[in-house]
Structure formats: C-alpha cells, structure tokens
Amino acid sequence: MMEEYEYDHDGVKCTVEYIYDPGEPDQWYDQNGDPGTPGYGPTVDIINVWTILTDRLGNNVSVKINDLLYTEDIEGEILQYKED
C-alpha cells in the first residue's frame, strides 16, 4: 500500500509517495527441523516526489521532482521515522 511522507528539502516542502516493507525476521529452523531462511530488513521504495512551484503567471503547479533529489537520503529518513 502506498503511503505519503512530508519531506523538507532545504526549505522546500515535498510530498513523498512510497511503499514500505517492514522486512522479515530470520527463521532459524522450519517446523520440521530443516534449516530455515534468512530474513531481511525493512525497505522503502520511493514512487514519486512532488512539490508545489509557481509558474510565470503566479499559478501554483504540482511538479514531480523524482530525478532532482538523491532519494537514498529520503529513504533513510523514512526508515528512521518508521522505527520511532
């Protein structure tokens, strides 16, 4: 399920649309005693990053800015938010 996170990029308010996966714990052994499977940690997949900018006529325009931001920083911030 897609979620939203409000992100501040140098004073510019952005809305981040993302999918959060809480991960899966290690399973040492299956119920029948066979070796289990390794787990994995939580992940965040950034889908879109939006912000409101003003065009030449003074109109507010919603702009997709995915390619303008380093999204790993945002992913880390969202993971920290989810842990708290």
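## Stop 1: the core

Start by selecting Tyr5, Tyr7, Cys14, Val16, Tyr18, Val44, Ile46, Val49, Ile65, Leu69, Ile74 and Ile78: these 12 residues make up the largest nonpolar core. Now colour the elements that give two or more residues to this core, namely strand 1 (2-9), strand 2 (12-21), strand 5 (43-54) and helix 1 (71-83). Keep in mind as you look around that this is a predicted model.

Next, pick out Val49, one of the core residues. Which residues does Val49 touch, leaving aside those up to four places away in sequence? Show Cys14, Thr15 and Val16 for one group, then Val63, Lys64, Ile65 and Asn66, and finish with Leu69 and Ile74.

## Stop 2: a residue in strand 5

Go to Thr51, which you'll find in strand 5. Is Thr51 buried or exposed? Thr51 is buried, because its relative accessible area is 5% and the cut-off for buried is under 20%. Zoom in on its side chain: a polar atom there lies 2.7 Å from the backbone oxygen of Lys13. If you skip residues up to four places away in sequence, Thr51 touches Val12, Lys13 and Cys14, and also Val61, Ser62, Val63 and Ile65.

## Stop 3: out to the surface

Click on Met2, which sits in strand 1. Met2 counts as partly exposed, because its relative accessible area of 46% falls between the 20% and 50% cut-offs.

## Stop 4: a tryptophan in strand 3

Now select Trp28 in strand 3 (residues 27-29). Trp28 is exposed, because its relative accessibility is 68% and exposed means over 50%. Who touches Trp28, once residues up to four places away in sequence are left out? Display Asp34, Pro35 and Gly36 to see them. Then try the distance tool from the C-alpha atom of Trp28 to that of Gln80: the two are 52 residues apart along the chain and separated by 27 Å.

## Stop 5

Last up is Asp10, in the loop between strand 1 and strand 2. What is the phi of Asp10? Asp10 has a positive phi of about 50°, although it is not a glycine. Asp10 is also exposed, with a relative accessible area of 70%.

Technical notes:
Residues numbered from 1 in each chain as written. Predicted model: local features only at pLDDT ≥ 70, side-chain atom pairs only at ≥ 80, totals over all residues. Heavy atoms only, no water. Core = buried A, V, L, I, M, F, W, Y, C linked by side-chain atoms within 4.5 Å. Buried < 20%, exposed > 50% of the residue type's maximum accessible area, 1.4 Å probe, protein only. Helix = DSSP H or I, 4+ residues; strand = E, 2+ residues; numbered from the N terminus. Contact = heavy atoms within 4.5 Å. Polar contact = N/O pair within 3.5 Å; in protein donor to acceptor, adjacent residues only side chain to side chain.
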